Amino acid sequence: MALAFRTILDVCVRAGIIDSKMAAKVSQDVRKKDVDAVEAISNRGRLPISSIYQALAEDKGLPYYSSERLCPQPELLNKIPVSLIRRNLLLPVAENDNEIFVASSYKEDSEYRQIRESFRSVIDKPIKFVMVNPDDLKFAIEKALRLINKDRFVVVQNIDDTVKFVDKMIKEAYIWRASDIHIEPEEQYVRIRFRVDGLLQVYKAGLSREAAYTILSRIKVLGGLDIAETREFQDGSFTYTIEDIDAEKIDVRLATAPTRYGERATMRIFAIDSRVLTLEMLGFPSNIYHQFEQMIQRPHGLILITGPTGSGKTTTLYAALRVINQPGRNIMTVENPVEYPIEGVSQIQTDSVGKVTFAGSLRSLLRHDPDVLMVGEIRDLETAGIALRASITGHMVFSTLHTNTACGTITRLMDMGCEPYLLASTLTTSIAQRLVRRLCPLCKRQVRISEEDRIFIRKQEKDFYVYEATGCISCQDTGYLGRVGVFEMIRVDKKLRRVIAQGREEDEIELAAEYMTTLYDDAIAKVLAGITSLDEAKRIIVSREE
């Protein structure tokens, strides 16, 4: 039974997951576009459908179960006729001494009463309903019926079903603000997970192997991969348009790999909101922001961004390039792969067979009269040497490295074999960065800090507060919504240049460096401002003694 439009809209407004202005837009979409209310709210609010059903469950006073909690119990399933499960789209999921827990999608009170009457004739205990996302319920029922070999209830059966499923999966990943989609075969079933704010969350569990095969085939077609090849690694990419959300376009990078239980796929999502991030939006503290903005405007020099994989280095470089991208500058990049297209910038992608390499491309680009060069990553001495020579001959060069600290970039390049005097005369700025999760503004809670934590953040006051994560419908009970950068920056001045030229060790370089802000300082500042939690800050802070 379709949800009553006014019911779902009123519930979502009361739950605080949409406001009155958003409700008016949803009403307009439902009337003019003839779309389902749940879908309209999800599209407009960029809100996962599961969050909407969680709000409905709370309004009804029912528990809400996510997909991973829908575990069929064979002994319980054998008590209930398959016809009753299929006709009412119900699934018994647990039993105790007093009652049986039955998963269902949203129903009116009269329907719940009828179902209780139907169950009374086949089981001897009262039932307690738990609410779930209807799509999750369908997959759980399929898994349950396969488990007891009573029926074959396949959700994804043909090409039309597969196309719809893939469309919905990519759209949901965008709505969840996921950076990656993982399709992972297990011993009996296949699961799909989204990486949201750096952590993996289950999207679908218990997907049949047959259904997963057709889904993988559809994705491989989109990515231009060989459908018949399942035992080799493959890579591809495609641009996808989400028609329901104002024709939003996203870029998807696809990779497949053979595993013990079958082929898996990973899809990296690059949404338009990531492409338009500016330096102001990344979370730079004001002193670093103003200094960095001045440094990138210089006519020559070397600027390095460092941090682990997934710390947002490339996003920072792209934001910097947008600042200096003017008609009077020739900007060229070498990347693997090109993550976001930038209008007016010549972007070159390296390949996996060695014909287009970082070093070779960089050497060739110097003959194209560039003003600014961006190298996706300095991986070896050859690339590092060319980057240093390019910066010393009048070019501005941007690149990234994998080190823990801003000073670590200097010793890392020396370890590669770069001459200290050359590095001292070219490097202008080094920035280390991490990503921390932002506290959800709707549910973050103010707490008094413990004595141990007070010492950790070096505050003299003994009675003050910070914020911690709690969890609500809007943030899917994680307590966090989105991520923000934490930064550390050193600017190479005359004093530091002399120390670098002498080839000193990292601890001596750190003593000579004048930090604009350290990772520790910026992380603690964001904790005290209520932007992130102390737990998140502790996760990324690097000890200087390590």
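The model is predicted, so local features are given at pLDDT of at least 70 and side-chain atom pairs only at pLDDT 80 or more, while totals for chains, interfaces and linings use all residues. Residues are numbered from 1 along each chain as its sequence is written, and side-chain values use heavy atoms, with hydrogens and water left out.

First, the overall picture. The C-alpha trace spans about 85 × 65 × 45 Å along its principal axes. The protein has 22 helices and 19 strands. These are DSSP runs numbered from the N terminus, with helices being H or I of at least four residues and strands being E of at least two. Of the 546 residues, 52% count as buried. Buried means under 20% relative accessible area, exposed means over 50%, and partly exposed lies in between, with a 1.4 Å probe and protein chains only. Among contacts with a separation of 6 or more, 64% are between residues 24 or more positions apart. A contact here is heavy atoms within 4.5 Å.

Now the sheet. It is an open sheet of three strands in the order E1-E2-E3, and its pairing is mixed. Strands count as paired if DSSP finds at least two bridges between them. Strand E1 (91-95) and E3 are at the edges with a single partner strand each, so one side of each has no neighbour in the sheet. On average, neighbouring strands of this sheet are turned by 35 degrees against each other, direction ignored.

Strand E2, residues 100-104, pairs with E3 in the parallel sense over five bridges. Ile100 stands opposite Ile127 in E3, and Ser104 has Met131 as its bridge partner in E3. Strand E3, residues 127-131, is mostly covered, with four of its five residues buried.

What do E2, helix H7 and E3 make together? With H7 at residues 109-120, they make a right-handed β-α-β unit. Right-handed means that, with the strands pointing away from the viewer, the path from the first strand over the helix to the second runs clockwise. H7 lies across E2 and E3 and runs at about 135 degrees to E3. For these angles, axes are lines fitted to C-alpha atoms, for helices over the stretch in contact, and values run from 0 to 180 degrees between N-to-C directions.

The loop between E2 and H7 holds Ser105. Is Ser105 buried or exposed? Ser105 counts as buried, at 13% relative accessibility. Leaving aside neighbours within four places in sequence, Ser105 is in contact with Tyr112, Met131, Val132, Pro134 and Leu137. Met131 is also the bridge partner of Ser104.

Next, helix H13, residues 313-324. Its twelve residues reach 17 Å from first C-alpha to last, close to the expected 16 Å. The expected span is 1.5 Å times one less than the number of residues. Nine of the twelve residues of H13 are buried, including Lys313, Tyr318 and Ile324.

Lys171 is in helix H9, residues 159-175, and is buried at a relative accessible area of 10%. Beyond its neighbours within four places in sequence, Lys171 is in contact with Glu39, Asn43, Ile242, Asp244 and Ile245. Arg363 sits in helix H14, residues 358-365, and at 37% relative accessibility counts as partly exposed. With neighbours within four places again left aside, Arg363 is in contact with Glu382 and Ile386. The C-alpha atoms of Arg363 and Ile386 are separated by 6.8 Å, and the two residues are 23 apart along the chain.

Last, the cysteines. How many disulfides does a search of the whole structure find? The search finds zero, where a disulfide is a pair of cysteine sulfur atoms within 2.5 Å. For Cys12, the nearest cysteine sulfur is that of Cys472, 13 Å away. Cys12 is buried, with a relative accessible area of 0%. For Cys407, the nearest cysteine sulfur belongs to Cys418 and is 16 Å away. Cys407 also counts as buried, at 0% relative accessibility.

That is the end of the talk.
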